[in-house]
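Subject: Structure for your attention, with notes

Dear colleague,

Please find the sequence and the structure below. My notes on what was found follow directly after them.

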Amino acid sequence: MSRPAIYLDHNAASPLRPEARAALLAALDLTGNASSVHAHGRALRDMIETGRRAVAALAGAEPKQVVFTGSATEAITQAIVGGAKAFASGAIALSAGEHAAVLKAAEATGLPRWTIPLDTDGRIDLDQLAALLRRADDEGVTLLVALHWVNNETGVVQDMGRINALVGPTRHTLFIDAVQACGKLPLDFAASAPDMMAISGHKIGAAAGIGALLVKAHADTVRLIPGGGQEQGRRGGTESVGLIAAFGAAASACRYDVDAMRALTQKVEDGLRAMAPDVLIFGEKAERAGNVVNFAVPGVGNATAMMGLDLMGLSVSSGSACSSGKVGASHVLLAMGVPRDLADCALRVSFGWNSTAADAEAFLDGYEKVLSRQKRDGKAA
Ligand code: PLP
């Protein structure tokens, strides 16, 4: 199968950076197990620790706070399922806009879920968070608060300063899903309030299959996979040295140029407004990470649009794909009060480290064709 010509889905997975590929291949050529004390093992151990330092630097964490996992989903599950047990939480407070990895982990704990709504621009209602913290104190409940920093569908940036200020001084545990913030915003794990954070390799140009749980010493009792005691007993299983090395190399190479990203998303938004004045851009009034446009043109269904764009070699997303590959209405948009028929028209275009203005133009050309086809077919019907 030929490769799609233009990739506009960096929030799903960002292409492998050349630095990450080189590090991965170099590690794959080595023999041994990083737990062995002989020279072969030590060479692999060195690679892991180099990767750990690079990932820690990107996350503003200390190397000892980084626990490598097989994905961010695993790190999130460790934080939430492990954390709920370790901290004897009585309930989980989470927003209606969390990723499925957070929602399903919360469900798996069996604890009551206290859901915080989103506003119409996708911001978490932090007054509601404050109210839930008061309620927890009134009812004597210990909370595990699990919130995202940057939304994967809309790119909306949550007010981490206020979240830190609200939860930091309390006895409650704070977990932040920083998967879409990592590499885009400065992360300051060691110096900020969260007890735990999750990040993912393939969102920053390392291969899929590697993530990390960032965890502070006082919270470092969270265990999900004890196994053979790797990662200082914090996550068992022989380390995938190549993927860790690739994660480290991608972390070192990560320079997010927010202005360059905004130039691309601005071009797309201006172009969409020119061709479809009734277009809705979700999260428009909120602060956004700058690389995502999530929009809907009323009456232009996303399943048909995505198919049409795919045939033109343009890979975009509806923002919400179920595992079956079918397109479903986004729970994030629904939580923002977007009517279902409009949510069914939502498309997400997301740029990243190798995106160019030509990619944005190609998308606009492609989408214009989708619109004119829709008009023609609509008239013919
Ligand atoms: N959290 C967010 C916000 C995400 O965007 C994703 C991936 O799409 C995940 C968690 C899960 O990451 P991973 O694919 O590494 O398990």
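Glutamate 107 is partly exposed, with a relative accessible area of 43%, where buried means under 20% relative accessible area, exposed over 50% and partly exposed in between, computed with a 1.4 Å probe on protein chains only. Its side chain meets that of lysine 104 in a salt bridge at 4.0 Å, N to O, a salt bridge being a side-chain nitrogen of Lys or Arg within 4 Å of a carboxyl oxygen of Asp or Glu. Lysine 104 counts as exposed, at 53% relative accessibility, and because the two residues are 3 residues apart in helix α4 (residues 100-109), about one helical turn separates glutamate 107 from lysine 104. Helices here are DSSP runs of H or I with at least four residues, strands are runs of E with at least two, and both are numbered from the N terminus.

Before going further, please note that this is a predicted model, in which local features need pLDDT of at least 70 and side-chain atom pairs count only at pLDDT 80 or more, while totals for chains, interfaces and linings use all residues. Residues are numbered from 1 along each chain as its sequence is written, and side-chain values use heavy atoms, with hydrogens and water left out.

By the rule given above, the count comes to 18 salt bridges. One of them joins arginine 45 to glutamate 49, with the closest N and O atoms 3.5 Å apart; both residues lie in helix α2, 4 residues apart, about one turn of the helix. Arginine 45 is partly exposed at a relative accessible area of 25%, and glutamate 49 likewise counts as partly exposed, at 25%. A network of salt bridges links Arg45, Glu49, Arg52, Glu231 and Glu239.

The pair of arginine 235 and glutamate 74 forms a salt bridge at 2.7 Å, N to O. Arginine 235 lies in the loop between α7 (230-233) and α8 (241-253) and glutamate 74 in helix α3 (residues 72-86), so this pair ties together parts that are 161 residues apart in sequence. Both arginine 235 and glutamate 74 are buried.

Turning to the domains, whose bounds come from an automatic or database domain assignment, the protein is divided into domain 1 (6-14 + 256-380) and domain 2 (18-253). Their contact, meaning heavy atoms within 4.5 Å, takes 26 residues from domain 1 and 26 residues from domain 2. The centres of the two domains, taken over C-alpha atoms, are separated by 28 Å. How many salt bridges are counted between domain 1 and domain 2? The count there is 0. On the side of domain 1 that touches domain 2, the elements giving two or more residues are β10 (292-296) and α11 (331-335), and α11 gives the most, with 4 residues.

Valine 157 is found in the loop between β5 (143-148) and α6 (160-167) and is buried, with a relative accessible area of 9%. Leaving aside neighbours within four places in sequence, valine 157 is in contact with Trp149, Val150, Leu185, Glu287, Arg288 and Ala289. Valine 37, in the loop between α1 (18-28) and α2 (39-59), is by contrast exposed, at 73%.

Finally, the structure holds 0 disulfides, a disulfide being a pair of cysteine sulfur atoms within 2.5 Å. For cysteine 182, the nearest cysteine sulfur is that of cysteine 254, 6.5 Å away.

With best regards
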